[in-house]
Amino acid sequence: MKSGVPKGENCLVDMDSKAGDLFSAEPADAAGSGGVVGNLPLKELDGLWLPKGLSASVAKEWFDRRRATIRPWAGFVDHRKFTKPRNFGELCQRVVRNFDTYNSNYTFIFLGLILYCIISSPMLLIALAVFVGAFYIIHLKSLESKLVVFGKEVTGPHQLGLAGAVSFPVFWLAGAGAAVFWVLGATMFVIGSHAAFRELEGGSEMEELFMEPV
């Protein structure tokens, strides 16, 4: 009677293959997970406090692209190129064309005004530190386990909103609202004045070309 149980060499081969299957699952899982430090996967540690879609490489790429398209600052502030528009039509043409020509310059002026406003107000620096710290802690908690507020999972954009809500009292005490209006007002004045009074690239010939009736 044949029992169906493998004997001899067949038995050894069968047991070796099963042992290989048994112990090969764990290394495969470990390799697939990319390793774990504590409760956090290593792939999560690469962008620990940044939400999905944001990274240092993306910010650097945006910054480099803007810097590469900056017009020379010497020509940007050349006082000989500033004249009064002859009429409202020429004013509109200058604003539209100069916004397109000096877009990157205007962007860095806006960022410079924001930086100046922050540096000149210690309370705003404290408020920003509270915001960044709150967002960092919330993001760490969400990596360890799902963070649920009022029955809903807190995702990346919601984490920013929650951090903003936590730090809102500090921003209010720091007068962030007045700072925002100051930055917007200063930006509109500086950039608007430059765009309105700066002659178009190419001089008066270019402006006359745009002003010719069709």
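Helices here are DSSP runs of H or I with at least four residues, and strands are runs of E with at least two. The model is predicted.

Q: How many helices and strands does the protein have?
A: Count the elements of the secondary structure. From the N terminus on, they run α-β-β-α-α-α-α-α-α-β-β-α-α-α. The total comes to 10 helices and four strands.

Q: Which residues does UniProt list for "transmembrane region"?
A: The entry in UniProt is unreviewed. Its annotations may be inferred rather than shown by experiment.

Q: Over residues 108-138, how far apart are the end C-alpha atoms?
A: Look at the make-up of the span before its ends. The chain there is 94% helix and 0% strand. The end C-alpha atoms are apart by 31 Å.

Q: Is H194 buried or exposed?
A: H194 is found in helix 9, which covers residues 176-197. Buried means under 20% relative accessible area. H194 has a relative accessibility of 8%, so it counts as buried.

Q: Which residue has its backbone oxygen 2.8 Å from a polar atom of the side chain of H194?
A: Start with the contacts of H194, leaving aside neighbours within four places in sequence. They are F76, F82, N98, Y102 and Y106. The backbone oxygen that lies 2.8 Å from a polar atom of the H194 side chain belongs to F76.

Q: Which elements give two or more residues to the nonpolar patch on the surface?
A: The patch is formed by W62, F63, F110, L111, V180 and L184. Together they have about 490 Å² of accessible area. The elements that give two or more of these residues are helix 3 (56-68), helix 6 (103-119) and helix 9.

Q: Why does F63 count as partly exposed?
A: F63 has its place in helix 3. Partly exposed lies between the buried limit of 20% and the exposed limit of 50%. F63 falls in this range because its relative accessible area is 35%.

Q: What share of the accessible surface of the protein belongs to carbon and sulfur atoms?
A: Of the 214 residues, 23% count as buried. The accessible surface of the protein comes to about 15300 Å². The share that belongs to carbon and sulfur atoms is 68%.

Q: Among contacts with a separation of 6 or more, what percentage joins residues 24 or more positions apart?
A: Contact means heavy atoms within 4.5 Å. Take the contacts in the protein with a separation of 6 or more. Residues 24 or more positions apart account for 81%.

Terms used: Residues are numbered from 1 along each chain as its sequence is written. This is a predicted model: local features need pLDDT of at least 70, side-chain atom pairs count only at pLDDT 80 or more; totals for chains, interfaces and linings use all residues. Side-chain values use heavy atoms; hydrogens and water are left out. Buried means under 20% relative accessible area, exposed over 50%, partly exposed in between (1.4 Å probe, protein chains only). A polar contact is a pair of N or O atoms within 3.5 Å; within protein, one must be able to donate a hydrogen and the other to accept it, and residues adjacent in sequence count only if both atoms are side-chain atoms. Patches are made of residues with over 30% relative accessible area and no salt bridge: like charges are joined within 9 Å, nonpolar side chains (Val, Leu, Ile, Met, Phe, Trp, Tyr) within 5 Å. Accessible areas come from the Shrake-Rupley method with a 1.4 Å probe; for residues, only the protein chains shown count as cover. A salt bridge is a side-chain nitrogen of Lys or Arg within 4 Å of a carboxyl oxygen of Asp or Glu.
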